[in-house]
Amino acid sequence: MLSIQNLQAGLADGTSILKGINLEVKPGEVHAIMGPNGSGKSTLSSVVAGREEYEVTGGDVLLDGESLLDCSPEERAHKGIFLSFQYPVEIPGVSVSNFIKTALNSHRAARGEGPLEAALLLKKMREKLELLEMDKSFLSRSLNEGFSGGEKKRNEIFQMAMLEPRLAILDETDSGLDIDALRIVAQGVNALKSPTNAVVVITHYQRLLEYIVPDFVHVLLHGKIVKSGTKDLALELEERGYDWIKKENAGK
Amino acid sequence: MHNTLLNLYAEHEADLARESGDAVASKRRTAIDRFEALGFPTKKWESWKYTSLKSTLATEYTTVPPFASASQHALEFKDLESYFLDELDAYRVVFVNGVYSSWLSSTTHQGLDVCTLGSSWRKSPDWLAENFAALDELDEPLVLLNRALAREGALVHVPKNTAADKPIQIFYFTTADEPLFSQVRNIVVVESGARVEIIERHQALNGKAHWTNAVTEIRVAPNAHLRYTKLQNDVSTATLTDATFVHQAADSTAVVNTFSCGGKLTRNDLRFHLAGSNAEAHLHGLTLIHGDEHVDHRTYVDHAVPHCTSHEVYKGVYDGRSHGVFNGQIMVRPQAQKTLAYQQNDNLLLNDRAQIDTKPQLEIFADDVKCSHGCTVGQLDADALFYLRARGIPETEARALLMLAFANDALAQVELPALERKLHALIHKKLRVSVS
Ligand SMILES: Nc1ncnc2c1ncn2[C@@H]1O[C@H](COP(=O)(O)OP(=O)(O)O)[C@@H](O)[C@H]1O
Ligand SMILES: [Mg+2]
């Protein structure tokens, strides 16, 4: 489904951040990407989602065999890519419900469908809120404004549940969550899982992976995937940290 | 232009004096002398630093004589309906080319007075003499010119302990075939314990370079409440110079909302005098302009006594080569302890040709006060834009959504649902968003 091929990207000033990333994600799979701070995890997810601030200098990102690189962020979203932001943006004056309605109807418009009937929309929102154990009052609040860290992350997963993407990238959705919130978020992600969807989980901690069990674990270091394995690799990283991987790669 | 106006005054001085009595006549005389001495403002003046009247003054105008009679162009109600707030049951005072149109108006003398200056010189000369040019303390040529020549406009008098049963809409339409220069003046007195809501609009109905020079004097007595909304969305050839004076007594509340969404040049002088303790003033403004439009807001809040509150929020979104000016002055006099004064001016420039000059000016002479001010000038937040787009919201819509969210605060003091709907539609249109 998603194929990242020798992807190189960086800042407009020429600073290179991603230095040749390869990743194949097939339908039904869960991939975890781990790695120390500053290794390029968020940059990778932003580039896949289409952030124009980053310049792609080589390689390709394909969805179902077609390059995404010329697509706008909204087109990528319409094709089924969803990014749960590490730092969700606060937007005062835009309510959660208005935002989600606008987003959902944009997806529908892209498919040539009319807006979702208000009653059905409300029903769907209620269902998803329930799944994530969120209060209805959430809907009328300004998007992320004054939300706690945990509320912001839940709100991301709520949006994901509403938009039902084919490929969800969760960028450190677990950081700042207590164990209960973590369980609920995982529940939301697992509810989305199907043989036709895929999830890429970016995390520092093995903790989340107990709930969202990955088929593959990759280690990103200095803009490259330097090691891939199964969920046992995550356990090993938890125990030993990243230093041994850094050493392994020091010579290369 | 200057001479034409002086001649116009000379020609009508006797008639004006006969109509308005000695006291007003002497005010007019002083005003025209001062206007003669000052001339029109230029950019060299501190108060006109960012706004040039040059191109407005270059136009050849027909000046509306003080005693003009109704024009031949009979306007039909249906021509104007779109400007009236449909479904809003309101009093209406309508002027066409500076002349009152009884046909289009719906006035009253029952419970409160909603009528015109023109008809009141005869009916209540003493009241008018007392309230005409009572508050317009600004030594500015345009205010002086208006004081000398204006004799027509809306009059609203809400007696003690009366809540106006309906809102009041004041309209000035211009239809003249040639550019018209008119002087109009509104007088509003809200007696103690009374309450009223007023909406004022100036609108040219053709693309001629009309110029309206308006003054509004508002007296808000103890414990009275006023809400006044100015809706400025004129054609891109029209000039509006407006000066509004609000005098507040103790325990009163006054709100002035100014929506400046169109016109070649708009200058708003808005001056509050807080003269009684516990008075509360709200100044809200929203500017949404594009092309070559120019809007200059100059506000002044005078905290003259203790325990008053002023809350001022002005926002602006500037597209094209438009130019905005915000000059917000707050004066806290030595005796005005326990003053609460808040001022915020936020601006979005949608491209690098648009321009804003913003200048807060706080003069605080009391020590036990809470005053804060801030201003921002920026572009749309790139992170927010990407966030919305990554959720599938197309770029134009995402931009619009962010601009709407930005502008939203300005509607905080709009309470009439019909007005709110109208303003929403207007903002959507100005920001080129389809109304959903
Ligand atoms: N917009 C940006 N401006 C400047 N530096 C950036 C930007 N985005 C990423 N970087 C730099 O690129 C590197 C990788 O960052 P990031 O992708 O956020 O890492 P991670 O998510 O793995 O912690 C860091 O050194 C970071 O400072
Ligand atoms: Mg990161």
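Predicted model: local features only at pLDDT ≥ 70, side-chain atom pairs only at ≥ 80, totals over all residues.
Taken alone, ligand 1 exposes 550 Å², of which the protein buries 61%.

The residues surrounding ligand 1 include A:Leu11, A:Ile17, A:Pro36, A:Asn37, A:Ser39 and A:Glu53. By class, this shell has four nonpolar, six polar and two charged residues. Helix 1 of chain A, residues 41-49, gives the most to the shell, with three residues.

In chain B, ten strands form an open sheet with mixed pairing, in the order 3-2-6-8-10-12-14-16-18-20. Strand 3 (99-100) and strand 20 (370-378) of chain B each have a single partner strand and stand at the edges, so one side of each is left without a neighbour in the sheet. Strands of a sheet pair through backbone hydrogen bonds, in either a parallel or an antiparallel sense. For strand 20 of chain B and strand 18 (residues 340-349) of chain B, the pairing is parallel and runs over nine bridges. B:Asn347 has B:Val377 in strand 20 of chain B as its bridge partner.

Helix 9 of chain B, residues 417-430, packs on the sheet. This helix touches strand 8 (195-204), strand 10 (225-233), strand 12 (253-262) and strand 14 (280-289) of chain B. The direction of helix 9 makes about 30° with that of strand 10 of chain B.

Methods
Residues numbered from 1 in each chain as written. Chains lettered and ligands numbered in written order. Heavy atoms only, no water. Near = heavy atom within 4 Å. Areas by Shrake-Rupley, 256 points an atom, 1.4 Å probe, with all protein chains shown as cover. Helix = DSSP H or I, 4+ residues; strand = E, 2+ residues; numbered from the N terminus. Nonpolar A, V, L, I, M, F, W, Y, C, P; charged D, E, K, R; others polar. Pairing = 2+ DSSP bridges. Contact = heavy atoms within 4.5 Å. Axes fitted to C-alpha atoms, helices over the stretch in contact; angles between N-to-C directions.
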